[in-house]
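Let's take a walk through a protein chain together. Have a look at the sequence and the structure first, and then read on.

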Amino acid sequence: MLPPSSRTASYQHLDTVYHGALRFVTNFKTLTHHCSLYAQVGWFALSTRRLHHWHILIYKTILGVLPSYLQKYVIRKSTGTYQLRSEDLFLLTVPKVRTELGKRAFSYAAPFAWNQLQNELKLKELVSINRFKSLLNDVEAGSSVCTCFV
């Protein structure tokens with residue numbers, strides 16, 4: 001699995017091969033847009049599927065299912081002395097980074113992605129992994145519209 005913070009060139013090569021294979025299987029023409037292919041077979045786009053797996057990896061890290069070397073980077077955001085609405089959500093501490101390379105590190109990318117996901121999920125406590133997957137599918141189903149030409 002390539003993390004979402006990987007370079008886009010890595011994804012472009014894999015996507016090209018995947019789209020070519022999908023065109024072959026569905027017997028579509030070469031210039032058929034990949035969003036049409038996904039709609040035909042009823043799948044999410046590859047970028048959405050990658051993000052789905054990334055969020056599941058982060059959630060498993062929060063649950064403590066994954067090794068401790070990943071768990072040490074996932075720290076729940078401490079509640080301050082003020083009563084804020086965001087205290088109800090399960091947010092993570094995002095460290096400050098100075099470089100683009102630092103933004104690709106798990107210690108930054110995982111908490112940042114989790115906090116963005118929390119804007120839509122609004123989890124107040126941890127749920128089972130199967131429940132989390134179904135919630136994630138519901139969120140992704142609402143955003144499965146092609147945005148290539150927007």
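## Salt bridges and the rest of the fold

Glutamate 100 and lysine 103 form a salt bridge, with their closest N and O atoms 3.7 Å apart. The term has a cut-off: a side-chain nitrogen of Lys or Arg must lie within 4 Å of a carboxyl oxygen of Asp or Glu. Side chains of opposite charge can pair when their charged atoms come close. Before going on, note that this is a predicted model, in which local features need pLDDT of at least 70, side-chain atom pairs count only at pLDDT 80 or more, and totals for chains, interfaces and linings use all residues. Residues are numbered from 1 along each chain as its sequence is written, and side-chain values use heavy atoms, with hydrogens and water left out.

Glutamate 100 and lysine 103 sit three residues apart in helix α5 (residues 100-104), so about one helical turn separates them. Helices here are DSSP runs (H or I, at least four residues), strands are runs of E with at least two, and both are numbered from the N terminus.

How many salt bridges does the count come to? The count is two. Aspartate 15 and arginine 50 meet in a salt bridge too, at 2.4 Å from N to O. That pair ties together distant parts of the chain, with aspartate 15 in helix α1 (residues 8-26) and arginine 50 in helix α3, 35 residues apart.

Are aspartate 15 and arginine 50 buried or exposed? Both are buried. Buried means under 20% relative accessible area, exposed means over 50%, and partly exposed is in between (1.4 Å probe, protein chains only). Here is how some other residues come out:

| Residue | Relative accessible area | Class |
|---|---|---|
| Glutamate 100 | 54% | exposed |
| Lysine 103 | 36% | partly exposed |
| Tyrosine 108 | 13% | buried |
| Phenylalanine 112 | 36% | partly exposed |
| Alanine 110 | 0% | buried |
| Valine 65 | 57% | exposed |

Zooming out, the chain has seven helices and zero strands. Buried residues make up 31% of its 150 residues.

Now for helix α6. This helix has 16 residues and reaches 21 Å from its first C-alpha to its last, close to the 22 Å expected at 1.5 Å a residue (that is, 1.5 Å times one less than the number of residues). Its buried residues include Phe106, Trp114 and Leu121. After α6 comes lysine 122, with a positive phi near 55°.

Next, the rings. Rings of Phe, Tyr and Trp (its six-membered ring) pair if their centres lie within 6.5 Å; planes under 30 degrees apart count as stacked, over 60 as edge-to-face and the rest as tilted. By this rule there are seven aromatic pairs. In one of them, the rings of tyrosine 108 and phenylalanine 112 have centres 5.5 Å apart and planes at 15°, so the pair is stacked. Both residues lie in α6 (residues 106-121), four residues apart, or about one turn of the helix. Elsewhere, ring pairs link Tyr59, Phe90, Trp114 and Phe132 into a cluster.

Finally, valine 65 is found in the loop between α3 (46-63) and α4 (68-71).
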